[in-house]
Amino acid sequence: MNARRITRIAVMAALTFIGSLIRIPIGPIPITLQTVFVILAALLLQPADAALAMGVHFVLMLFMKGSAIFVSPSTGFLFGFILAAFLGSLIAHRTAFGKTTAGMAVAVLVTAASCYVIGLPYMYYVLDVLKGADMNLMAILEAGLIPFIPGDLIKAGIAFVVGKVAVPHVEPLLREA
């Protein structure tokens, strides 16, 4: 792994971490800017590097919060970021379709939606099993998905626009790595 690649991974991890510090609390899961940077990692990094950047972000969060992070309802989304960045990057970088505007839009939407694949079940586990909140499926969706859809669409749009501008400048660097 060369210095450029390590730097790109570290920058995306740091930006995602900074995005976690900008938060609006609304129930058990706050609104943050992390999703913008998860999507940008998917668009700007190769799949393994995008996942690694989100893994580094998880480690940063672990250092910040300690082992208490594992009983936080939002921790599943941190794990979900790893999967989401990887899947979105696969679409963006490993398919001819991903190079098109429509392909980039699909990569953005898959990345944004994939965060919930691990995030919602983990949130259910923490709230229902560990904390005894007696959550059903609708309660989980009302707490961890429905209120976030408008904001996630806005964040996805921002990431799409930034990615559309940045990808042509970053792609030659990715081929060098």
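This is a predicted model: local features need pLDDT of at least 70, side-chain atom pairs count only at pLDDT 80 or more; totals for chains, interfaces and linings use all residues.

1. Helix α1 spans residues 3-21 and helix α2 spans residues 34-44; their axes come within 7 Å and cross at roughly 165°. Since angles over 145 degrees count as roughly antiparallel, the crossing makes α1 roughly antiparallel to α2. The crossing of α1 past α2 is left-handed.

2. Which residues in α1 and α2 meet? From α1 come Met12, Leu15, Thr16, Gly19 and Ser20, and they face Gln34, Phe37, Val38, Leu40 and Ala41 of α2. Sorted by class, this contact holds six nonpolar and four polar residues, with no charged ones. On spacing, an α-helix has 3.6 residues a turn, so residues three or four places apart point the same way.

3. Helix α2 is also worth a look for its burial. It is mostly covered, as eleven of its eleven residues are buried.

4. Methionine 104 sits in helix α5, residues 101-130. Is it buried or exposed? Its relative accessibility is 8%, so methionine 104 counts as buried. Leaving aside residues up to four places away in sequence, methionine 104 touches Leu43, Phe97, Gly98, Phe160, Gly163, Lys164 and Val167. Phenylalanine 70 is 34 residues from methionine 104 along the chain, and the C-alpha atoms of the two are separated by 33 Å.

5. Now for the rings. How many aromatic pairs does a search of the whole structure find? The search finds five. In one of them, phenylalanine 77 and tyrosine 116 have ring centres 5.5 Å apart and planes at 85°, so this pair is edge-to-face. Phenylalanine 77 belongs to helix α4 (residues 75-94) and tyrosine 116 to helix α5, so the pair ties together parts that are 39 residues apart in sequence. Both partners are buried: phenylalanine 77 has a relative accessible area of 8%, and tyrosine 116 has 13%.

6. One last item for your viewer: ring pairs link Phe58, Phe70, Phe79, Tyr122 and Tyr125 into a cluster. Phe70 is the phenylalanine whose C-alpha atom is separated by 33 Å from that of methionine 104.

Key:
Residues are numbered from 1 along each chain as its sequence is written. Side-chain values use heavy atoms; hydrogens and water are left out. Axes are lines fitted to C-alpha atoms, for helices over the stretch in contact, and angles run from 0 to 180 degrees between N-to-C directions. Helices (H or I, at least four residues) and strands (E, at least two) are DSSP runs, numbered from the N terminus. Angles under 35 degrees count as roughly parallel, over 145 as roughly antiparallel, 65 to 115 as roughly perpendicular and the rest as oblique. A crossing is left-handed if the near helix is turned anticlockwise from the far one by less than a right angle, and right-handed if clockwise. Contact means heavy atoms within 4.5 Å. Ala, Val, Leu, Ile, Met, Phe, Trp, Tyr, Cys and Pro count as nonpolar, Asp, Glu, Lys and Arg as charged, and the others, Gly among them, as polar. Buried means under 20% relative accessible area, exposed over 50%, partly exposed in between (1.4 Å probe, protein chains only). Rings of Phe, Tyr and Trp (its six-membered ring) pair if their centres lie within 6.5 Å; planes under 30 degrees apart count as stacked, over 60 as edge-to-face and the rest as tilted.
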